[in-house]
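Have the sequence and the 3D view ready.

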Amino acid sequence: MSHKILIIGACGQIGSELTYKLRNLYGKDNVVASDIGYNNLEVVNSGIFEIVDAQDYASVLTCVEKHKIDTIYLMAAMLSATGEKYPMKAWHLNMDSLFHVLNLAKAKYVKKVFWPSSIAVFGPTTPKENTPQHTVMEPSTVYGITKQVGERWCEYYFEKYGVDVRSIRYPGIISWKTLPGGGTTDYAVEIYHKAITDGTYESFLSENTELPMMFMDDAIDATLQLMDAPAENITIRSSYNLGAMSFTPKEIAQTIEKHIPGFNITYNPDYRQNIADSWPKSIDDSCARNDWGWRHRFDLDKMSAEMILQLQKKYASEKK
Ligand code: AKB
């Protein structure tokens, strides 16, 4: 079946890689990338690009009508760390954008919606090890609150209006193409850059802070698998737990040291430590594995080898 896809927030860490992958799969002319500004020239120059303000219904609708879009990936969001600095901005951006897209689907402008949730839906009272799909959820960050409320609305729009909305609770996502921005798990990307450029990194999380993480290739595969799955296989319309690996700053530093001997890490926890302490250490994702066949490919060692290889190439080519 042919698709006309719109990615909102296409300049960001996950949006950019989704754009490249979807363009490969469905062809450049069938994938419209959009963002609030020209914030990633590689994305902007790689195919059709539109300026879309995710908080403005008319702006999203105009783009959907112009390109006859049938599927939207809504990747625009304010993440956990920035959200604590600008609580009301995070609330409005994360909720307004979701409502606009859900309402476009309800009004039958589009057929299918992907919206990312996060491990941030969990809070200090959630069981931390192997966190179940259905459990206590009392998020203590604004970002987590928006994701938790958003999940309830996704399920509501599916149940009441038949909207085909699909969602994943992403763990921290690690990648080398586009930097993340404003998250608590960002340290696990910064550390690779600093290991290569400086040989040392100061972590803003303490050495034994364990969090669920995933390599970008796995996150993109999971997203597309979920979107391709037959509707009858999707038993969860709030958002699926998704896991791959869990590690601490100390453990990631140890794998980096195998590739960059002498790499040194220091610890200086800041306000993000509290956020990390409220989140799970590991995730039970058996629903995703059973419903639509999710399998991860990257563990910590395999990911570190790939991150260092790709970033070394990137920095070497920038020097030329
Ligand atoms: C963040 O750290 O805020 C995000 C997330 C886990 O959703 N990466």
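The second largest cavity has a volume of about 30 Å³. A cavity here is a set of points on a 1 Å grid over the protein atoms alone where a 1.4 Å probe fits but cannot get out, and its lining residues have an atom within 4 Å of a point. Volume is the space filled by probe spheres set on the points, which are joined across faces, edges and corners. This is a predicted model, in which local features need pLDDT of at least 70 and side-chain atom pairs count only at pLDDT 80 or more, while totals for chains, interfaces and linings use all residues. Residues are numbered from 1 along each chain as its sequence is written, and side-chain values use heavy atoms, leaving out hydrogens and water.

Around the second largest cavity you will find Leu74, Ala76, Ala77, Asn94, Ser97, Trp115, Pro116 and Lys147.

Helices (H or I, at least four residues) and strands (E, at least two) are DSSP runs numbered from the N terminus.

The table sorts both linings by class: Ala, Val, Leu, Ile, Met, Phe, Trp, Tyr, Cys and Pro count as nonpolar, Asp, Glu, Lys and Arg as charged, and the others, Gly among them, as polar.

| Cavity | Lining residues by class |
|---|---|
| Largest cavity | six nonpolar, two polar, two charged residues |
| Second largest cavity | five nonpolar, two polar, one charged residues |

Now for a helix pair. Helix H7 (residues 187–197) and helix H9 (residues 249–259) pack at an angle of about 30°, with axes 11 Å apart. That makes H7 roughly parallel to H9, a label for angles under 35 degrees. Axes are lines fitted to C-alpha atoms, for helices over the stretch in contact, and angles run from 0 to 180 degrees between N-to-C directions.

Which residues meet between H7 and H9? Tyr187, Ala188, Ile191, Tyr192 and Ala195 in H7 meet Pro249, Ile252, Ala253 and Ile256 in H9, where contact means heavy atoms within 4.5 Å. By class, this contact of H7 with H9 has nine nonpolar, no polar and no charged residues.

Definitions and conventions:
On a 1 Å grid over the protein atoms alone, a cavity is a set of points where a 1.4 Å probe fits but cannot get out, and a pocket is an open set with protein on both sides within 12 Å along at least five of seven lines; lining residues have an atom within 4 Å of a point. Angles under 35 degrees count as roughly parallel, over 145 as roughly antiparallel, 65 to 115 as roughly perpendicular and the rest as oblique.
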